[in-house]
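Please look through the sequence and the model shown here before reading the briefing that follows.

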Amino acid sequence: MHINQAVKKETMHITLGTGAGAGLMLLVFFLLHRTMPGVIPFDHTVIAGAAAGTTVAAANFFLMGITVQKVTSVDDEKKAYEYMRTSYHLRLALQLLWVVIAMTASWINSAAGIIPLFIPSICIKGMGAFGMTEDY
């Protein structure tokens with residue numbers, strides 16, 4: 001399957017934005033840890049959570065882009081709708097699975113693993129607000 005250039009480009013934007021957001025989150029964790037070391041951790045679990053959460057968030061966006069690319073090539077509106085709906089449910093299940101893993105795995109800080117899932121939405125809204133979106 002050929003991946004559309006627009007999907008690659010927007011996935012890169014979102015991945016970089018999510019990585020930057022996760023970096024900001026790590027900075028907040030670090031600063032909070034410095035002021036409340038017994039309450040807020042800053043260790044390998046925070047870094048692992050941020051890295052894995054960012055990966056899951058970026059993968060979700062990429063899979064959504066692939067879905068949109070495929071749906072635009074389908075002539076039958078009903079088939080396109082079903083494909084989009086199925087993809088949405090599978091991507092939602094993937095994120096839910098990640099949340100369960102982030103909350104149960106001892107090597108992941110739950111908050112650091114889950115927060116990155118919200119960052120792509122913030123990136124998309126920010127890109128729209130600052131006119132950084134392109135027409136393809």
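N60 lies in helix α2, residues 44–72, where helices are DSSP runs of H or I with at least four residues, numbered from the N terminus. This is a predicted model, in which local features need pLDDT of at least 70 and side-chain atom pairs count only at pLDDT 80 or more, while totals for chains, interfaces and linings use all residues. Residues are numbered from 1 along each chain as its sequence is written, and side-chain values use heavy atoms, with hydrogens and water left out.

**N60**
- N60 counts as buried because its relative accessibility is 13%, buried meaning under 20% relative accessible area with a 1.4 Å probe and protein chains only.
- Not counting residues up to four places away in sequence, N60 touches R91 and Q95, a contact being heavy atoms within 4.5 Å.

**Helix α1**
- The 31 residues of helix α1 (residues 5–35) should span 45 Å at 1.5 Å a residue, and this agrees with its end C-alpha atoms, which are 45 Å apart; the expected span is 1.5 Å times one less than the number of residues.
- Among the buried residues of α1 are A6, E10, I14, G17 and F29.
- The buried residues of α1 pack against α2, α4 (110–114) and α5.
- At the start of α1, the backbone nitrogen of A6 has a side-chain oxygen of N4 within 2.8 Å.

Note on methods: Helices (H or I, at least four residues) and strands (E, at least two) are DSSP runs, numbered from the N terminus. Buried means under 20% relative accessible area, exposed over 50%, partly exposed in between (1.4 Å probe, protein chains only). A polar contact is a pair of N or O atoms within 3.5 Å; within protein, one must be able to donate a hydrogen and the other to accept it, and residues adjacent in sequence count only if both atoms are side-chain atoms.
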